Amino acid sequence: MRICLENVSVKKNEDLILKNLNFASEYPENWAIMGPSGSGKSTFLDLLAGKIFPSQGKFLKDKELKIISVSRDYSFHRIVGNAYQYYQQRYNVYDAEVGPTLYQVLQDQVLPLYTIDASSVELPPLTYSEEEVYKTAKTFRVDHLLDRRITSLSNGETRRSLLTYWMLKKPDILLLDNPFSGLDIQSRAALRQILESLENTRIFLVAEPKDLPKGFNKVILFNKGEIQYQGDLEQMPQLQEVTYIPDFSGLHHAEEANFSTALRLINTNVFYGEKQALFDLNWEVKKGECWAVLGPNGSGKSTLMSLLTGDNPQAYKNEMYLFDRRRGTGESIWDIKKNIGFVSPELHLFFHKLTPVWKVIGSGFFDAMGLFRKLTVEQEGLIDEYLYRFQLSSLKFRRLDQLSSGQQRFVLLIRALIKNPPLLVLDEPCQGLDHNQMVSFRETLDHLVRAQKKTLIYITHYKEEIPSCVNHFLHLEEGRVVQSS
């Protein structure tokens with residue numbers, strides 16, 4: 001089975017994204033796709049998937065070739081539909097009467113949102129036999145999760161479950177865009193082993209060199225929308241590393257927040273139905289301290305962060321203090337959020353992608369998922385200043401969906417910084433960034449936190465991402481603190 005590109009170029013609006021691509025692949029080659037963020041890797045996958053079409057040149061493939069692209073956000077929300085935005089709320093994940101099970105999703109048997117009487121809904125016949133579902137689920141190590149609600153799955157479990165969903169459709173080619181991003185060490189190793197074991201499906205995989213499975217010895221290297229190199233991985237030219245650190249001197253600063261302790265949790269417990277997510281957690285973050293929160297997927301990090309940002313109602317059941325004030329003593333959620341700059345994979349996933357960059361950043365002044373107020377002249381100037389410092393001025397009027405994943409992450413970081421909050425809570429902020437961008441982000445954050453004496457809580461799986469200003473560590477496993485220093 002063959003695919004071939006002949007002098008292909010691709011435009012998005014008036015922007016030329018891919019230029020003069022010539023490429024041919026014969027079965028059964030697996031290809032790794034590399035290059036800096038914004039170089040065209042994701043657009044190339046969209047082209048192969050048939051989501052976009054050449055503005056010039058020819059894209060040829062065998063008619064019977066089945067090409068499937070796994071959603072690059074690696075969530076079920078595109079499969080389940082609008083209901084998923086309700087299902088995904090971390091503090092409702094064990095709502096047993098609402099969320100669909102993995103088996104229901106695999107069989108396309110998801111009930112409409114807010115269904116009261118399941119017997120009143122006529123669903124289509126089962127898509128696959130039970131034996132076929134179980135066999136495929138076992139291949140991807142999720143057979144023990146078939147009766148679990150999809151929103152209770154960890155990141156690693158969700159990735160493997162999505163692969164199960166698409167592999168049931170028996171693709172000839174599977175397109176994967178950074179599937180290792182956001183996974184802990186064990187989950188990355190498990191996913192690599194699974195991809196190495198697939199025999200009848202070839203894969204086009206965007207990934208960092210350190211994450212490549214065995215057998216991915218062919219590579220396409222993109223640079224500025226062009227194929228810089230294609231061929232054997234061993235012969236690939238060295239990627240040039242460029243690190244840029246913005247200068248924050250002279251930026252507007254709000255008045256210093258008046259508190260001594262940003263966060264204090266005393267014997268905190270969180271339950272989702274009968275499942276306990278946090279166990280007797282005690283933790284204190286004093287003003288000016290910089291903490292890294294570490295732990296495998298499913299260890300309770302996201303639940304902990306939802307308590308901190310005011311989004312988890314179980315904060316009222318526990319003794320919890322934010323900015324020297326006990327939670328539930330009359331403060332509003334906006335009183336809490338005004339002191340916190342926040343970035344998370346969920347924020348990235350659900351922020352409206354048609355929003356222009358300047359509005360995305362401007363919404364940070366009001367802690368909203370959109371800009372619903374008129375900005376002051378000073379606020380507009382501050383947006384321009386931050387974009388200039390981050391060398392992103394040319395993106396000001398572009399929509400979020402017209403940016404690369406890495407560019408989107410930097411825009412959301414500026415959104416978190418724009419109101420100059422005393423506390424930064426960054427949940428896997430480097431997810432989707434290439435190595436150079438990660439280094440730039442890490443060094444930029446270190447410079448910013450030191451210069452402005454901010455309090456920092458940094459959640460990650462990867463120790464190499466942690467800025468040097470961090471000198472306190474909280475390790476979680478299965479909802480319990482195993483180390484705090």
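Lys218 is partly exposed, with a relative accessible area of 23%. Here buried means under 20% relative accessible area, exposed means over 50%, and partly exposed lies in between (1.4 Å probe, protein chains only). The side chain of Lys218 meets that of Asp232 in a salt bridge, 3.2 Å from N to O. A salt bridge is a side-chain nitrogen of Lys or Arg within 4 Å of a carboxyl oxygen of Asp or Glu. The pair links distant parts of the chain, with Asp232 in strand E9 (residues 226–232) and Lys218 in strand E8 (residues 218–223), 14 residues apart. Helices (H or I, at least four residues) and strands (E, at least two) are DSSP runs, numbered from the N terminus. Asp232 is also partly exposed, at 36% relative accessible area.

The structure is a predicted model, in which local features need pLDDT of at least 70 and side-chain atom pairs count only at pLDDT 80 or more, while totals for chains, interfaces and linings use all residues. Residues are numbered from 1 along each chain as its sequence is written, and side-chain values use heavy atoms, with hydrogens and water left out.

A search of the whole structure finds 14 salt bridges. Side chains of opposite charge can pair when their charged atoms come close. One of the bridges joins Arg264 and Glu284, at 3.8 Å from N to O. Arg264 lies in strand E10 (residues 261–272) and Glu284 in strand E11 (residues 275–286), so this pair ties together parts that are 20 residues apart in sequence. Arg264 is partly exposed, at 31% relative accessible area. Glu284 is partly exposed too, at 32%.

Arg399 forms a salt bridge with Asp401, and the closest N and O atoms are 3.0 Å apart. Arg399 has a relative accessibility of 29% and counts as partly exposed. Asp401 is likewise partly exposed, at 30%. Elsewhere, salt bridges that share partners join Arg188, Arg192, Lys210 and Asp211 into one network.

Arg188, a member of this network, lies in helix H7. With a relative accessible area of 10%, Arg188 is buried. Neighbours within four places in sequence aside, Arg188 is in contact with Phe180, Leu183, Lys210, Asp211 and Tyr462. Contact means heavy atoms within 4.5 Å.

The chain is divided into domain 1 (2–235) and domain 2 (261–484). These bounds come from an automatic or database domain assignment. The C-alpha centres of the two domains lie 27 Å apart. Domain 1 gives 29 residues to the contact, and domain 2 gives 28.

The size of an interface is often given as the accessible area lost when the parts come together. Between domain 1 and domain 2 the buried area is about 2,300 Å², and carbon and sulfur atoms give 50% of that area. Buried area is the accessible area (1.4 Å probe) that two parts lose on being put together, summed over both.

Across this interface the rule finds 1 salt bridge. Asp15 forms a salt bridge with Arg398, with the closest N and O atoms 3.7 Å apart.

On the side of domain 1 that touches domain 2, the elements that give two or more residues are helix H3 (83–87), helix H6 (155–167) and helix H7 (185–197). H6 gives the largest share, 3 residues. The residues of this side divide into 7 nonpolar, 14 polar and 8 charged. Ala, Val, Leu, Ile, Met, Phe, Trp, Tyr, Cys and Pro count as nonpolar, Asp, Glu, Lys and Arg as charged, and the others, Gly among them, as polar.

Cys430 sits in the loop between strand E16 (423–427) and helix H14 (435–452). At 4% relative accessibility, Cys430 is buried. Leaving aside neighbours within four places in sequence, Cys430 is in contact with Arg409, Met438, Phe441, Tyr458 and Glu465. Cys430 and Pro345 are 85 residues apart in sequence, and their C-alpha atoms are 9.5 Å apart in space.

Lys12 is found in strand E1 (residues 2–12). Its relative accessibility is 28%, which counts as partly exposed. Lys12 touches Ile17 and Thr43, not counting residues up to four places away in sequence. The C-alpha atoms of Lys12 and Ser55 are separated by 9.2 Å, with the two residues 43 apart along the chain.
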